Amino acid sequence: MLKSLSRAVGAAVRLSTASASTARAPPLASPTLCAPISASSRPFTRTLWVMTSSGASSGYRPKLFSSKVVKSSVSCGCGGLHTEGDKAFGVFLSDEIKEEMKIQKSKNLPKMSGGWELEKNGTEAKLVRNIAGEKITVTFNINNSIPPNFEEEADQAQQKPAEDEPEIVSTPNFVVEVTKQAAKQHSLVFDCHYPEDEVGRGEEEEESDIFAIREVSFQPEGDVEWKETAYTLNTDSLDWALYDHLMDFLADRGVDNTFADELMELSTAMEHQEYIGFLENLGGFVRCN
């Protein structure tokens, strides 16, 4: 009797415990999103657009990198934008133009000796000379004709007196085209340049050449574009004797050291004129006049 009663009481206790455990069990539909944060875990951080918006339900997507600083501007009849920075820029350009005009040697371009006729088209120039049935044409462009190492020399000269400052010199590449009446279909063309470090070609030479021949080729007469299909002789690995004959060929036609020196003076004057003109156009563009 007592054993039966004990078993009945034990069964009732187990049934009650199972019911309570089932009631405390969490639902299995989905895991919880916000778990307890421990001291070692990284706290939840919001994305930048959430923090800068007025709320997720507002529908507003902010501009992350927009600036709130607005510079003062004044519009004029031209409809363009004029800021305080533009005004300061215009004043600077006016002063720069005055300084450049002070150091400008002459408003007129220097003349070339030897009967060369100058034809100018913007930054491009052409020198033409006719001699004994031959036409010699020299073309060059002043763009990018200032040596890149000049800025370094100018920085070094800042500690020197004004009279010792290096002078800006334009050394453009130039092309010499020699045309003979008996060979009108093709011209002998020389691609020349001013080497940065000039070295004489012989120990007995009293004066080294201030320009050098880079390439030689036969090209159609008067053709502007250099045809890559025509054989081109590169002088880097050329025999010295042949190179000297080519230089003498040019010198006999007036393209020598004197010509190259005068060409630098002409190109420098042209470059300075174009630079001042660019500053004037830039100032007018900034000031809208």
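This is a predicted model: local features need pLDDT of at least 70, side-chain atom pairs count only at pLDDT 80 or more; totals for chains, interfaces and linings use all residues.

Tutor: Residues are numbered from 1 along each chain as its sequence is written, and side-chain values use heavy atoms, with hydrogens and water left out.

Student: Which residues is His272 in contact with, leaving aside its neighbours within four places in sequence?

Tutor: Glu100, Ile103 and Gln104. Contact means heavy atoms within 4.5 Å.

Student: How do you know whether Asp191 is buried or exposed?

Tutor: Asp191 has 16% relative accessibility, so it counts as buried. Asp191 lies in strand 7, and beyond four places in sequence it touches Phe174, Val175, Ala212, Ile213, Arg214, Glu215 and Trp226.

Student: What is the span of helix 3, and what is expected?

Tutor: The expected span is 1.5 Å times one less than the number of residues. Helix 3 (residues 84-103) has 20 residues, and its first and last C-alpha are 30 Å apart, close to the expected 28 Å.

Student: What makes the buried residues of helix 3 line one face?

Tutor: The buried residues are Gly90, Leu93, Ile97 and Glu100. Down the axis of helix 3 they fall within an arc of 95°, so they line one face; the arc is that of the directions from the helix axis to the C-beta atoms. The face turned away from the buried side carries the exposed residues Glu84, Lys87, Lys98, Lys102 and Ile103. Helix 6 is included in what covers the buried residues of helix 3.

Student: Why is strand 6 said to be largely enclosed?

Tutor: Five of its seven residues are buried, so strand 6 is largely enclosed by the rest of the structure.

Student: In what sense do strand 5 and strand 6 pair, and over how many bridges?

Tutor: Strands pair if DSSP finds at least two bridges between them. Strand 5 and strand 6 have seven, in the antiparallel sense. Lys135 has Thr179 of strand 6 as its bridge partner.

Student: What makes the largest nonpolar core a core, and how many residues has it?

Tutor: A nonpolar core is a set of buried Ala, Val, Leu, Ile, Met, Phe, Trp, Tyr and Cys residues joined through side-chain atoms within 4.5 Å. The largest has 31 residues, and Phe174, Val176, Phe190 and Val255 have the most contacts inside it. Helix 6 gives the largest share of this core, six residues. Apart from it lies another core, of five residues, among them Ile97, Ile276, Leu279 and Val286.

Student: What is phi of Ala132, and is the residue buried or exposed?

Tutor: Most residues other than glycine have a negative phi. Phi of Ala132 is near 50°, a positive value in a residue other than glycine. Ala132 is in the loop between strand 4 and strand 5, and at 80% relative accessibility it counts as exposed.

Definitions and conventions
Buried means under 20% relative accessible area, exposed over 50%, partly exposed in between (1.4 Å probe, protein chains only). Helices (H or I, at least four residues) and strands (E, at least two) are DSSP runs, numbered from the N terminus.
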